[in-house]
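Let's take a walk through this protein together, from the whole chain down to single side chains. Have the viewer open and follow along.

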Amino acid sequence: MGPPGALWVLQLLFTVSSCKGLYPGSEEGWQVYSTASDPDGRCVCTVVAPARNLCKRDPRSRQLRLLTEQVQNVSQSMEVVDLRTSRDLQYVRDSEPLLRGVDGRLHTYVANPRTLTAKGLQELKGQMSQLRPLLSVVEQYRLDLQTLATLRMELLNLSIILTAIQEEIGAYDYEELQQRVLLLETRLHSCMNKLGCGRLTAVSNPITVRASGSRFGSWMTDAMIPSSDSRVWSMDGYYKGRRVLEYRTMGDFTKGQNFVQHLLPHPWAGTGHVVYNGSLYYNKHQSNILVQYHFRSRSVLLQRSLSGAGYNNTFPYSWGGSSDIDLMADETGLWAVYTSIPNAGNIMVSRLDPRSLEILQSWDTGFPKRSAGEAFMICGTLYVTNSHLAGAKVHFAYHTNSSTYEYTDIPFHNQYSHISMMDYNPRERALYTWNNGHQVLYNITLFHVIQSDG
């Protein structure tokens, strides 16, 4: 389509890539949805870029994961039954002398009823009372027998499924095939990353990941580290918070399990935090000081004042919440969005050196920060929403590469009616939002023009 050297217009619809099949829209591969020529003769293609870790979604791989979970469940159930049986068996052994004594006395009284006295009867009643808990132990044994029968059937089913998978795989070295798929997938996404930057044209329907925490907060994955690291961080609240929860995977975050806690030495302000290359960057409470906290060493590596930046609700977004300074990351690096009195409250965008937090370059967008609901960076362009409430749109864009702006009309559904954090993650190519106690993702559509080499 088109002569050599022609301009190709590529519209990329990116899907959430790190959630490994958890969310709608993450199951597609590279698919061309339409090909056509525009009035200038350029080729226009709409494609869906695949999620990473394609082999993770292989049906046999999914089956094996499910089988592993089932085996773990069966093993845990067996351990519970074993522990309970051992405990109850010890109780029976401890009760055996008393049981034999009662049995002997009963035989004596049956053989010679005249030997039964009031005192002997009272003692027998006392001994029988001591043996009464054995009834519940026997009942538990009966239930455990039913449990064991169920587990036996589960193990039989697992054996049948494993045999079927083994026959299906046959002589193929499945691990080798999986490694080859991973290699091809890496090359594929390397190409996707090169084509990744473009102009935002659409925001998908919201994908609710979890409902947790208070009305305000932030959550994120690392914007820079390799995709093999799938940790998720959550920071509840906007005022004087210090507790950061680190989850091992997105799946653990959705279930609220397998997390560790970081207690920051300095409290934060607002929700404009970002995790970048293993460190958390945030605004220190009641100051315009930026802090770099390193997760692995659990220590503050750097503090630096963002000169002239307003703080403590001097120039927040329209929802308030001490959101004066908003730190974010995109394909081009680390950014700070803020304003100051000399800028008359208009949004300033500054690119930061993540190693020193020095300002590398700044732009005055001319857009009043108090009129913005939230903002995020994609490919060096600042996108501003017109409201944190229902009916929101992305309605302003400032391009730092050309120092120009434009008004846009990109609607998105604000499902829970109060967004207090909205940030783009370039690694996942998705928008992360905290919406009224809900953690929500949006996929995005980017429009990109590239020069074809024929």
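A residue counts as buried when its relative accessible area is under 20%, as exposed when it is over 50%, and as partly exposed in between (1.4 Å probe, protein chains only). Please keep in mind that this is a predicted model, in which local features need pLDDT of at least 70 and side-chain atom pairs count only at pLDDT 80 or more, while totals for chains, interfaces and linings use all residues. Residues are numbered from 1 along each chain as its sequence is written, and side-chain values use heavy atoms, with hydrogens and water left out.

Let's begin with the whole chain. It has five helices and 24 strands (DSSP runs numbered from the N terminus: H or I of at least four residues for helices, E of at least two for strands). Of its 454 residues, 45% count as buried.

Now find helix H2, residues 118-131. Its end C-alpha atoms are 20 Å apart, which agrees with the 20 Å that its 14 residues should span at 1.5 Å a residue (the expected span is 1.5 Å times one less than the number of residues). Gly120, Leu124, Gln127 and Leu131 are buried in H2. Seen down the helix axis, the buried residues fall within an arc of 65°, so they line one face of H2 (the arc is that of the directions from the axis to the C-beta atoms). On the other side of H2, Ala118, Lys119 and Gln122 are exposed.

Next come the aromatic rings. Rings of Phe, Tyr and Trp (its six-membered ring) pair if their centres lie within 6.5 Å; planes under 30 degrees apart count as stacked, over 60 as edge-to-face and the rest as tilted. By this rule there are 16 aromatic pairs. In one of them, Tyr238 and Trp319 have ring centres 6.1 Å apart and planes at 85°, so the pair is edge-to-face. Tyr238 sits in the loop between strands S7 and S8 and Trp319 in the loop between strands S13 and S14, so the pair ties together parts 81 residues apart in sequence. Which partner is buried? Trp319 is, with a relative accessible area of 9%, whereas Tyr238 is partly exposed at 26%.

Another pair is Tyr247 with Phe259: the ring centres are 5.2 Å apart and the planes at 50°, so this pair is tilted. Tyr247 lies in strand S8 and Phe259 in strand S9, 12 residues apart. Tyr247 is buried at 4% relative accessible area, while Phe259 is partly exposed at 39%.
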